[in-house]
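Visitor: Could you walk me through how to read a model like this one? I'd like the general idea each time, then the case at hand.

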Amino acid sequence: MDVFPDFDGLGGIGDLREVIGALLTFVLIIAVLMLIVCAIVWALSTANGHHAAATKSRIGAWTALGTAVLAGGGVAWLNWLIDLGQQL
């Protein structure tokens, strides 16, 4: 059985793909920048003994890392699910 979603069934799907691709790019860029900023603040606040700021920046760094991983892996995960759906 060869079942595959018809991505061309909707009008304007090409524009939607471009918008989603641009948003994904912005999410990845912002997540990486926030990871860098949070890591710098984490290092500086730990070195200066400000534990509250270190804790908040550590949480921010882990959140930014998780966001970058999910945004970057989202396309691969969706393609894997589409391939899995064809095998069923």
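**Reading a helical model**

Guide: Start with burial: buried residues make up 12% of the 88 residues in the protein, where buried means under 20% relative accessible area, exposed over 50% and partly exposed in between, with a 1.4 Å probe and protein chains only. This is a predicted model, so local features need pLDDT of at least 70 and side-chain atom pairs count only at pLDDT 80 or more, while totals for chains, interfaces and linings use all residues. Residues are numbered from 1 along each chain as its sequence is written, and side-chain values use heavy atoms, with hydrogens and water left out.

Visitor: How many helices and strands does the protein have?

Guide: Helices (H or I, at least four residues) and strands (E, at least two) are DSSP runs, numbered from the N terminus. Here you get two helices and zero strands. Ser45 sits in helix α1, residues 13-47, and Ser57 in helix α2, residues 51-87.

Visitor: What span does α1 reach from its first C-alpha to its last?

Guide: The expected span of a helix is 1.5 Å times one less than its number of residues. With 35 residues, α1 reaches 51 Å, close to the 51 Å expected. Just after α1, Gly49 takes a positive phi of about 80°.

Visitor: Which residues of α1 are buried?

Guide: Those are Ile13, Ala31, Cys38 and Ser45. As for what covers the buried residues of α1, α2 is included.

Visitor: Is Ser45 buried or exposed?

Guide: Ser45 has a relative accessible area of 7%, so it counts as buried. Leaving aside residues within four places in sequence, Ser45 is in contact with His50, Ala53, Ala54 and Ser57.

Visitor: And what does Ser57 touch, not counting residues up to four places away in sequence?

Guide: Ser57 touches Cys38, Val41, Trp42 and Ser45. Ser57 is buried because its relative accessibility is 5%.

Visitor: Which backbone oxygen does the side chain of Ser45 reach?

Guide: Look for polar contacts: a pair of N or O atoms within 3.5 Å; within protein, one must be able to donate a hydrogen and the other to accept it, and residues adjacent in sequence count only if both atoms are side-chain atoms. The Ser45 side chain reaches the backbone oxygen of Trp42 at 3.2 Å. For Ser57, a polar side-chain atom lies 2.9 Å from the backbone oxygen of Ala53.

Visitor: Which residues form the nonpolar patch on the surface?

Guide: An α-helix has 3.6 residues a turn, so residues three or four places apart point the same way. The patch is formed by Ile29, Val32, Leu33, Ile36, Ile40 and Leu44, with about 550 Å² of accessible area together. One of them, Ile36, lies in helix α1 and is partly exposed because its relative accessible area is 45%.

Note on methods
Contact = heavy atoms within 4.5 Å. Patch = residues over 30% accessible without salt bridge, like charges linked within 9 Å, V, L, I, M, F, W, Y side chains within 5 Å. Areas by Shrake-Rupley, 256 points an atom, 1.4 Å probe, with all protein chains shown as cover. Salt bridge = Lys/Arg side-chain N within 4 Å of Asp/Glu carboxyl O.
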